[in-house]
Amino acid sequence: MIFFPWDIEDLDAGVGPGPSASPLPRADPRTQTLELELRRLRARVESLMLANVAMWELLSAKAGFKIEHLAAKMEEIDLRDGTKDGKITPAQTCGKRGRRLSARHRRCLYCGDPNLKPA
Ligand SMILES: [Zn+2]
């Protein structure tokens with residue numbers, strides 16, 4: 001399933017209760033740090049969602065793109081790292097042969113070279 005950034009209900013369903021409804025104890029400093037980080041990430045995601053909705057509304061209204069075009073492009077980009085996981089993974093290349101790899105690898109899958117560079 002393609003996840004569109006403006007599907008707010010889907011996003012919230014996977015995250016759990018927000019900071020105001022947190023059942024976690026307040027006294028634990030680690031909990032407070034995690035809640036702060038969660039708030040920052042939520043704010044960042046909401047800002048990115050706003051930008052995505054604005055871009056999509058412009059593209060569909062001004063250039064005539066359809067939702068199928070967007071879904072196909074999202075799938076194409078998703079597959080650039082070789083894994084259809086609904087995420088964009090920054091790519092890197094092998095230092096020896098320049099083979100393209102997912103950012104999750106610490107060594108080249110083809111030659112074992114640990115000298116990987118951002119693509
Ligand atoms: Zn290599």
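A residue is buried if 20 or more other C-beta atoms lie within 10 Å of its own, exposed if 12 or fewer, and partly exposed in between, with C-beta atoms placed from the backbone. Helices here are DSSP runs of H or I with at least four residues, strands are DSSP runs of E with at least two, and both are numbered from the N terminus.

Helix 2 spans residues 29–62. From first C-alpha to last it reaches 49 Å, close to the 50 Å expected at 1.5 Å a residue. The expected span is 1.5 Å times one less than the number of residues. After helix 2 comes G64, with a positive phi near 80 degrees.

## Model and confidence

This is a predicted model: local features need pLDDT of at least 70, side-chain atom pairs count only at pLDDT 80 or more, and totals for chains, interfaces and linings use all residues. Residues are numbered from 1 along each chain as its sequence is written.

The average pLDDT (the predictor's confidence in each residue, from 0 to 100) is 83 for the protein. A score of at least 70 is reached by 78% of the residues. Among the elements, helix 2 has the highest mean pLDDT, 95. The lowest, 51, belongs to helix 1 (residues 8–15). Where pLDDT is low, the predicted coordinates should not be read in detail.

## Overall layout

The protein has three helices and three strands. Along the sequence they follow the pattern α-α-α-β-β-β. Of the 119 residues, 4% are buried.

Two residues are in contact if their C-beta atoms, placed from the backbone, lie within 7 Å. Take the contacts between residues at least 6 apart in sequence: 23% of them join residues at least 24 apart.

Helix 3 covers residues 67–78, 12 residues in total. Its C-alpha span, first to last, is 16 Å, close to the expected 16 Å. Helix 3 lies largely in the open, because the number of buried residues in it is zero.

G82 sits in the loop between helix 3 and strand 1. G82 counts as partly exposed because it has 13 C-beta neighbours inside 10 Å. In sequence, G82 and R100 are 18 residues apart; in space, their C-alpha atoms are 9.7 Å apart.

The three strands form an open antiparallel sheet in the order 2-1-3. Strand 2 (100–102) and strand 3 (116–118) are the edge strands, each pairing on one side only. The twist averages 45 degrees from one strand to the next. Axes are lines fitted to C-alpha atoms, for helices over the stretch in contact, and angles run from 0 to 180 degrees between N-to-C directions. Two strands pair if DSSP finds at least two bridges between them. Strands of a sheet pair through backbone hydrogen bonds, either parallel or antiparallel.

Three bridges join strand 1 to strand 2. Q92 has L101 in strand 2 as its bridge partner. Strands 1 and 2 form a hairpin with five residues between them. In that turn, G98 has a positive phi of about 75 degrees. Strand 1 also runs antiparallel to strand 3, joined by three bridges.

C94 belongs to strand 1 (residues 91–94). C94 counts as buried because it has 21 C-beta neighbours inside 10 Å. Across the sheet, C94 stands opposite L116 in strand 3. Beyond its neighbours within four places in sequence, C94 is in contact with R99, L101, C108, Y110, C111, D113 and L116. C94 and L109 are 15 residues apart in sequence, with 8.8 Å between their C-alpha atoms.

R106 lies in the loop between strand 2 and strand 3. R106 is exposed because 9 other C-beta atoms lie within 10 Å. The C-alpha atoms of R106 and Q92 are separated by 9.9 Å, with the two residues 14 apart along the chain.
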